[in-house]
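Subject: The structure for you to look at

Hi there,

Here is the structure I promised to pass on. Please open it alongside this email, and my notes on what turned up follow below.

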Amino acid sequence: MVESDHRLADAKAMPIEQVVNLLGIQGLARAGHELVGPCPSCGGRDRFGVNLRKGVFLCRRCDAKGGNIDLVMLTMGMEFKAALGWLVGPSQELSAEERRKREKRAEQNRLVNEARAARERQDAIRMAREIWADGKPAEGTAVREYLSRRGIAQDLLPVMPKCIRFAPALPFTVKSEKGWKVIHTGPAMLAAVQGPDGMLSAVHRTWIDLDRPNGKAVVTDPATGEVQPSKKVIGSKKGGAIRLSGNAHQAEVMVMGEGIETTLSAMVSGVDAGAMFWAGVDLGNMAGRRRTRGEGVKFAGLPDLEDDEAFLPPACVTRLVYVMDGDSEPRLTRAKLLAGLRRAMLKRPGLKGQIASAPQGLDLNDVLMGKAHG
Ligand SMILES: [Zn+2]
């Protein structure tokens, strides 16, 4: 059965995104290296995910999962043999004409899916801008008390950064099968995420509950009983940052932590008053796409240089210091930070990248003073 082995290999070698497009599966939105949306078998809104890097899919509801051939079986309701034939042709080769027809169909579906993803992205950016425009100055609001409880007292941060605002009653929504539903409304800290061009591209939101010691709201989805993260981003954060130490400020040293609190802690510790302090929103954004295929590559911290939307510091920066949070999984965190720093060093000749392994003032100071190993 050499022939069928060959067809199996052909089917497996196809990028799963091409199979999604050949099948014309609709309603999937891109989220990083995943497509998320309704299950082609059992529907819903976001229970179905396709991992484009791993070439696998999974439905959380009907438990369908697998690779390219399984996806054809699920979507077309076919048996294995028929699915294999559908995907790579009958045991003979596809005719040149049939191959062209299929390629054309896949390309058309790809364009439709891309156009939808672009529309959804624009909608999210528009919503982010509306939330930001509705925000109030944060000084004298619950945001002050929240930051104090996170160790950033008023005397350390006398002037509230312009990129932080306050929303007195911000709805917290989750996706349900009937669309978005509000499961909580309450005060929130807003932070502007600005893209490389300085335009507001996303808003980071932290729901506040000052009745709790750490000041963070605990929001539970009544439908599932699941506790939701108290922080969410709406819009497009890719390549963006929360510019905590000001917009027009130009400096040679940039210190970037993942979260607002980590980065503010570094900023108020006084380690380098001349540095720029920007929060990277999340680790994935600081890292950009990484190369993860192949033996020993997962933790090697190699950037995928084809990711041209990944974060890069402004051109004035000659030293980029990534702050590594102490509470994350160290190997993977380090790999991600290294990937981001290496990309920046490759794209900005002369730039030095460093990791500050601990956010405490003294250690960070050592790094900034050029003493550390990072
Ligand atoms: Zn399903």
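The site of the zinc ion is tetrahedral, with angles of 103 to 117 degrees among its four donor atoms. For comparison, the ideal angle for four tetrahedral donors is 109.5 degrees. Please keep in mind that this is a predicted model. The donors are the SG atoms of Cys 39, Cys 42, Cys 59 and Cys 62, and they coordinate the zinc ion at 2.3 Å. Along the sequence, these donor residues follow the spacing C-x2-C-x16-C-x2-C. Cys 39 belongs to strand β2 (residues 34–39), while Cys 62 sits in the loop between β4 (56–59) and β5 (65–66), so this pair ties together parts that are 23 residues apart in sequence. Are these two residues buried or exposed? Cys 39 has 5% relative accessibility and counts as buried because the cut-off is under 20%. Cys 62, with a relative accessible area of 34%, is partly exposed.

Next, have a look at helix α2, which covers residues 16–23. Six of its eight residues are buried, so the helix is mostly covered. The buried ones are Ile 16, Val 19, Val 20, Asn 21, Leu 22 and Leu 23. What do they pack against? Their partners are β2, β3 (43–51), β4, α3 (68–76), α4 (80–88) and α5.

Two bridges join β6 to strand β7 (residues 164–176) in the antiparallel sense. Pro 137 has Arg 165 in β7 as its bridge partner.

Lys 238 is found in the loop between β12 and β13 (242–243). With a relative accessible area of 34%, Lys 238 is partly exposed. Beyond its neighbours within four places in sequence, Lys 238 is in contact with Asn 285, Asp 307, Glu 309 and Ala 310. With Asp 307 there is a polar contact of 2.9 Å between the side chains. The C-alpha atoms of Lys 238 and Ala 223 are separated by 31 Å, although the two residues are 15 residues apart along the chain.

Asp 282 lies in the loop between β15 (276–279) and α8 (283–287). Its side chain reaches the backbone nitrogen of Asn 285 at 2.8 Å. Setting aside neighbours within four places in sequence, Asp 282 is in contact with Lys 237 and Glu 258.

Finally, the overall picture. The protein has ten helices and 17 strands. Its C-alpha trace spans about 75 × 50 × 30 Å along the principal axes. Of the 374 residues, 45% are buried. Among contacts with a separation of 6 or more, 60% are between residues 24 or more positions apart.

Enjoy exploring!

Best wishes

Methods: Residues are numbered from 1 along each chain as its sequence is written. This is a predicted model: local features need pLDDT of at least 70, side-chain atom pairs count only at pLDDT 80 or more; totals for chains, interfaces and linings use all residues. Side-chain values use heavy atoms; hydrogens and water are left out. Donors are N, O and S atoms within 2.8 Å of the metal (3.2 Å for Na, K and Ca); water is not among the atoms, so sites may look incomplete. Four donors count as tetrahedral if all angles lie between 85 and 135 degrees; four count as square planar and six as octahedral if opposite donors are over 155 degrees apart and all others between 65 and 115; anything else is irregular. Helices (H or I, at least four residues) and strands (E, at least two) are DSSP runs, numbered from the N terminus. Buried means under 20% relative accessible area, exposed over 50%, partly exposed in between (1.4 Å probe, protein chains only). Two strands pair if DSSP finds at least two bridges between them. A polar contact is a pair of N or O atoms within 3.5 Å; within protein, one must be able to donate a hydrogen and the other to accept it, and residues adjacent in sequence count only if both atoms are side-chain atoms. Contact means heavy atoms within 4.5 Å.
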